[in-house]
Amino acid sequence: MGRPYAVKGRKKRRKLDDAGASHEPPVAAEEAEELPPPPEEEGDEEKGKEEVKEEKEAAEVADGLPVVPRSVDGKRRPGAIFVLERACLEVGKVGKTMQILNSDDHANYLRKQNRNPADYRPDIIHQALLAIFDSPLTKAGRLQAVYVRTEKGVLFETKPYVRMPRTFKRFCGLMSQLLQKLSITAVGKREKLLNVIKNPVTRYLPVGARKIGLSYSAEKSVNLFDYVANSSDDEPLVFVVGAMAHGKIDKEYSDDYIQICNYPLSAACCLNRICSALEQKWKIQ
């Protein structure tokens with residue numbers, strides 16, 4: 001009697017298993033409708049959100065840049081001019097937006113284009129500009145002009161009273177807008193604070209200006225503080241500094257080509273030294 005019962009039990013189990021198997025597909029189908037999208041789609045959504053943020057930031061930049069209040073005392077005082085050479089600023093189309101290419105965010109994109117990501121360092125020019133515009137020299141009204149030339153040969157002028165973006169992301173948005181629209185205006189005004197201009201840079205420098213190129217590879221080594229202190233206030237000083245990751249500046253239009261340290265310096269560190277030397281010379285506290 002136990003044996004037939006066992007057979008019947010097996011049949012019942014099989015029927016239950018078959019019934020369960022027959023109901024599985026529709027349940028799976030119902031669950032599939034409620035499942036979240038696959039990870040790729042989530043990534044796409046995140047990318048879409050990032051692109052929307054970038055577009056908003058670009059729109060904010062397009063509205064204009066803030067201006068630092070200028071001191072007007074009517075006195076003519078000597079000032080300094082900076083030329084930043086070989087800045088790593090290049091616009092590329094990544095996804096649906098135009099962006100300034102950099103080695104952190106666009107390494108894979110650059111490798112696909114057979115380019116070296118290490119050459120794309122817009123952070124160097126950002127730090128260099130902040131070193132100039134944050135200095136007491138600039139706040140005292142002694143900065144005359146800043147010119148930047150990119151690796152691609154695009155030259156643009158930056159007014160001495162512009163307020164540079166503090167964050168790298170906003171700075172890249174600003175540079176992207178500048179290289180596409182060729183100018184950035186002040187908030188609520190038509191005045192161009194950043195403006196793409198024609199080469200060469202020498203046509204915009206004052207007559208009789210002393211053009212000083214700085215490089216670690218220069219043969220002439222000087223004490224910068226003594227060098228600046230001994231310069232005449234009658235001839236404007238133009239400092240040419242490289243803003244690239246590797247290499248050296250072209251010394252074709254430099255009147256003097258000097259080395260100010262026994263060690264290689266970053267662009268920002270070099271500019272800090274120049275500003276400090278000028279502040280000491282002109283007694284800016």
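1. The model is predicted, and local features are taken only where pLDDT is at least 70, side-chain atom pairs count only at pLDDT 80 or more, and totals for chains, interfaces and linings use all residues. Residues are numbered from 1 along each chain as its sequence is written, while side-chain values use heavy atoms, with hydrogens and water left out.

2. Helix H4, residues 122–133, has 12 residues and spans 17 Å from its first C-alpha to its last, close to the expected 16 Å; that expectation is 1.5 Å times one less than the number of residues. Helices here are DSSP runs of H or I with at least four residues, strands are runs of E with at least two, and both are numbered from the N terminus.

3. Of the 12 residues in H4, 11 are buried, where buried means under 20% relative accessible area, exposed over 50%, and partly exposed in between, with a 1.4 Å probe and protein chains only. Among the buried residues are Pro122, Ile125, Leu129 and Phe133.

4. Taking a disulfide as a pair of cysteine sulfur atoms within 2.5 Å, the count comes to 0. Cys88 is buried at 6% relative accessibility, and Cys172 is buried as well, with a relative accessible area of 9%.

5. Ala209 sits in the loop between strand S7 (192–197) and strand S8 (210–214), and counts as buried because its relative accessibility is 6%. Leaving aside residues up to four places away in sequence, Ala209 touches Pro236, Val238 and Asp255, contact meaning heavy atoms within 4.5 Å. Ala209 and Leu237, 28 residues apart in sequence, lie 5.9 Å apart in space, C-alpha to C-alpha.
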